[in-house]
Amino acid sequence: MSHEPKQEPRRDFLKNAGGIGFLTLFAAAGVGLSPYLKSDTTKLLRPPAAVNEEDFLALCVKCGQCLQVCPYDSIRLADIATGHGIGTPYIEALDRGCYLCPLLPCVLACPSGALDHHVEDVKKVEMGIVAVRALDRCIAKTGGAVQKEHIDRLFAHAHTLSPEEQQSRNLGEGAKSNKRELEEAELIEAQKLEGKPCTLCADLCPLPNKEEAIRMVASKEGGMIPKILEACVGCGVCVEVCPTNVLEIQPRLSYADIY
Ligand code: SF4
Ligand code: SF4
Ligand code: SF4
């Protein structure tokens with residue numbers, strides 16, 4: 001499975017146009033680029049409780065506080081390859097979803113209101129919704145079991161930061177041990193499924209009411225397939241843990257938009 005971020009239209013545009021210099025020429029000529037750029041950033045999965053994309057881009061001061069406090073290393077900062085909004089935080093669900101920490105530390109750490117402090121309940125973070133993209137790849141559909149390599153890749157995800165990178169984030173001792181405990185709990189849960197029919201996506205959903213967000217249902221082939229339900233908040237964990245890339249995040253959309 002590829003972990004490469006999806007190729008963005010803007011990246012092609014930059015390549016074809018010769019980069020920033022060309023963009024500057026456009027701007028100098030008074031050509032409006034903002035609608036193009038705005039549509040690009042709406043594809044990014046923002047951290048929980050992000051305000052609407054336009055306000056988010058205006059309010060985020062690119063301080064990285066949300067990234068520093070995230071115990072799962074779920075948050076990245078956008079760069080030139082990601083698109084407009086360089087320096088703003090986003091989540092690449094294929095590599096690391098948001099584990100919906102009960103106190104939403106990223107939201108509490110945000111000093112600007114780009115992440116809305118009024119949202120305190122993980123069930124209301126409204127990051128997006130999951131689409132079941134390629135059911136033919138679901139190993140559970142025909143009763144396939146979780147293999148050791150499927151668990152190993154989750155261990156690799158849980159150690160996304162080198163010790164030097166962790167040091168550079170100024171995480172205190174408490175935060176470090178908290179990170180280890182959280183990762184261990186997640187991995188122990190995943191290991192229990194090794195050799196059993198795959199239910200990784202449904203079992204590792206971090207929502208407290210996960211049975212209202214994702215459920216395994218019978219498939220025509222005699223196995224099971226995931227069904228997404230209304231309570232899904234689009235945290236991306238099921239996308240991350242699925243070993244065969246069946247699921248896809250649709251940022252900022254809701255259940256009603258696609259089901
Ligand atoms: S809720 Fe927790 S896991 Fe999710 S982005 Fe915020 S700090 Fe990270
Ligand atoms: S089904 Fe659960 S794990 Fe998947 S995106 Fe929705 S809330 Fe997150
Ligand atoms: S994680 Fe879910 S969608 Fe992916 S293969 Fe397993 S059961 Fe199918």
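How many C-beta neighbours does E126 have inside 10 Å, and does E126 count as buried, partly exposed or exposed?

**View 1. The protein chain as a whole.**
The protein chain of this predicted model has 259 residues, of which 31% count as buried. Its secondary structure comes to twelve helices and six strands. Among the contacts with a separation of 6 or more, 73% join residues 24 or more positions apart. The average pLDDT of the chain is 83, and 76% of the residues score at least 70. Over residues 1–39, pLDDT stays under 50, and the model has 21 contacts beyond four places in sequence for this stretch. Where pLDDT is low, the predicted coordinates should not be read in detail.

**View 2. The largest nonpolar core.**
This core contains 54 residues, and C201 and C238 touch the most other members. At least two residues each are supplied by α6, β3 (128–132), α10 (200–203), β5 (224–228), α11 (237–241) and β6 (247–251). The element that gives the most is α11, with four residues. Residues of the core come from both domain 1 (9–126) and domain 2 (129–163 + 194–258), so the core lies between these domains. Residues up to four places away in sequence being left out, C238 touches V130, C201, L204, C205, I214 and L247.

Ligand 1 is surrounded by 14 residues, and the closest are C70, C98, Y99, C101 and C106. By class, this shell has 13 nonpolar residues, one polar residue and no charged residue. Ligand 2 is likewise surrounded by 14 residues, with C205, I214, C232, C235 and C238 the closest. The shell around ligand 2 divides into eleven nonpolar, two polar and one charged.

**View 3. P102 and L104 in the loop between β2 and α6.**
P102 is located in the loop between β2 (89–90) and α6 (105–109). L104 lies in the loop between β2 and α6 as well. Is L104 buried or exposed? L104 counts as buried because it has 24 C-beta neighbours inside 10 Å. P102 has 11 such neighbours and therefore counts as exposed. P102 and L207 are 105 residues apart in sequence, yet their C-alpha atoms are 9.4 Å apart in space. The backbone of L104 has a positive phi of about 45°, although L104 is not a glycine.

**View 4. H117 and E126 in the loop between α6 and β3.**
H117 is found in the loop between α6 and β3. The place of E126 is also in the loop between α6 and β3. E126 counts as partly exposed because it has 16 C-beta neighbours inside 10 Å, a number between the limit of 12 or fewer for exposed residues and that of 20 or more for buried residues. For H117 there are 11 other C-beta atoms within 10 Å, so H117 is exposed. From C-alpha to C-alpha, H117 and A49 are 7.7 Å apart in space, while 68 residues separate them in sequence. E126 is not a glycine, although its phi is positive, at about 45°.

**View 5. T82 in the loop between β1 and β2.**
T82 belongs to the loop between β1 (76–77) and β2. Because 22 C-beta neighbours lie inside 10 Å, T82 counts as buried. Which residues are in contact with T82, leaving aside its neighbours within four places in sequence? T82 is in contact with L44 and Y90. The C-alpha atoms of T82 and L44 are separated by 8.5 Å, and the two residues are 38 residues apart along the chain.

Methods. Residues are numbered from 1 along each chain as its sequence is written. Chains are lettered from A and ligands numbered from 1 in the order in which they are written. This is a predicted model: local features need pLDDT of at least 70, side-chain atom pairs count only at pLDDT 80 or more; totals for chains, interfaces and linings use all residues. A nonpolar core is a set of buried Ala, Val, Leu, Ile, Met, Phe, Trp, Tyr and Cys residues joined through C-beta atoms within 7 Å. Domain bounds come from an automatic or database domain assignment. Two residues are in contact if their C-beta atoms, placed from the backbone, lie within 7 Å. A residue is near a molecule or strand if its C-beta atom, placed from the backbone, lies within 6 Å of it. Ala, Val, Leu, Ile, Met, Phe, Trp, Tyr, Cys and Pro count as nonpolar, Asp, Glu, Lys and Arg as charged, and the others, Gly among them, as polar. pLDDT is the predictor's confidence in each residue, from 0 to 100.
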